[in-house]
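Subject: Structure handover

Dear colleague,

Here is the structure I said I would pass on. My notes on it follow below.

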Amino acid sequence: MHPGPARGNYHGAMEWLAANDYVAAREILQRGVALIYLIAFSSTLNQFRALAGEHGLLPVPELLAGRGPRGPTLFSRIGYSDNKLVAVCAAGIVISATVIAGLPQAGPPWGPLAAFLALWGLYLSVVNVGQVFYGFGWEMLLLEAGFTVGLLGSYRVAPPAAILALNVWLLFRLEFGAGMIKWRGDPAWRNLTALYYHHQTQPMPGPFSRNAHLAPKWWHRIEAAGNHVAQLLVPFLLFAPQPVASIAAGVVIATQLWLVATGNFAWLNALTIILAGGRLSDPVLHRLLPRLPATGVPAPAAPPWWDAVVLAGTLLLVVASLPALRNLFSAHQLMNASFNRWQLGNAYGAFGTVTRERIEIVIEGTLKADPDAAGWIEYGFKGKPGDVFRRPRQFAPYHLRLDWMMWFLPLGSVHQRWFHRLLVRLLEADAPTLDLLDHDPFAGARPRFVRVLSYRYRFAGKARHRRDGAIWVRDRRRLVIGPVGRDGGGSGGPR
């Protein structure tokens, strides 16, 4: 027998699978996605128990005893407790940190895959019991990205070209899907007026959002037109040969940095930047950063079993994403939709409709025995607008889940089960709930009553800001709920 020539013929036939010019791209993808997982698990560790824990606003034990989770989760098998949630988050944080440090990448080809499959499984378990607090598009994006980049292997093999192509396909679905949902949705995107409103009405403005909103209308029209170019045309260039593909990735990165500067969208923008970084080839990066090598040292030929794993993973992700491909060109395009229980091959998109007015829900409490007396004081949230003199802060890529859910309330109804429980928790001065807020006006004391108001918020103009430093102006004050007391009584009641 002569295994040598046969083995050589095999490796020659599989040379197309090795992308030796994308060594740095693999580093960006694997370490970058791991960093986002670290942030996601840290966010969960800090907020989940108050939101959906044993005594949360939407307790997981109630979910498991009732209609059940929306997909597979470890908690269906092991049961839920806050201690188990902490263990899941701790494991996710530790595994993420090892990938950021490059430890699995230094081992066998399956090392990074094992790490990312663990991160995917742990976070999928959380997302599937997180209910409305984990219903955001960037949750499924992180899950799919983690599953994909694990297949890039370790330093002992070249980055597989098929998986790098799947990364481009994921980025394309993300960007082109967002562009199509805008073009098909609100007419304000087609007539280029959407940015007249967006910076002011977006869920969680950032420190620069007011400046962006006060820019002249001609600039907002350029922003909207630029968005269409970046999301409807540039994504196709990601599939072009180098260096065109790297230039297209650079455009995506630049537009995402603008979104980072003007808003707080959790890790959506950061993860998009990381995915775009995976399209930058080593020669292009060498031109930008001469200290980086122009091309990676060719890795040893991958063992056949690893090639089989890569090709099987590629086939799985391609088949899983076929519904998302059809969705892109459907007249009834879905936004941020998963077509399977594993949240792979998803459809993405954001802000198909632009809110014209910003209505904020404000919660107040009082220590007075008479709810009709003066003495109402406002609770302060970390990210959502409240105090008109407070400048918005930058939180992204960290995700403030309660603040985001508060933005959705005026778009539907305040009479949500989780929101009514939030009011009860405030009446109880529940410490974990108060930790979700920025300011407890009663310093841990239990208020006698709480009530809910709504206001219209607008960014203060330049003259008003110079006069008294106001960031916002608010009007159209309305009583929405209450006052509600500890025993459920009060002078108002839900309205």
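Leaving aside residues up to four places away in sequence, S96 is in contact (heavy atoms within 4.5 Å) with A34, Y37, L38, F41 and L119.

This is a predicted model, in which local features need pLDDT of at least 70 and side-chain atom pairs count only at pLDDT 80 or more, while totals for chains, interfaces and linings use all residues. Residues are numbered from 1 along each chain as its sequence is written, and side-chain values use heavy atoms, without hydrogens and water.

On confidence: the average pLDDT (the predictor's confidence in each residue, from 0 to 100) is 94, and 95% of the residues score at least 70. Over residues 491-495 pLDDT stays under 50, and the model has 18 contacts beyond four places in sequence for them. Where pLDDT is low, the predicted coordinates should not be read in detail.

The other item is a helix pair. Helix 8 (residues 161-184) packs against helix 16 (residues 304-320) at about 20 degrees, with the axes 9 Å apart (axes are lines fitted to C-alpha atoms over the stretch in contact; angles run from 0 to 180 degrees between N-to-C directions). The two helices are therefore roughly parallel (under 35 degrees). Helix 8 contributes A162, I163 and L166 to the contact, and helix 16 contributes V310, T314, L317 and V318.

Regards

Key: Helices (H or I, at least four residues) and strands (E, at least two) are DSSP runs, numbered from the N terminus. Angles under 35 degrees count as roughly parallel, over 145 as roughly antiparallel, 65 to 115 as roughly perpendicular and the rest as oblique.
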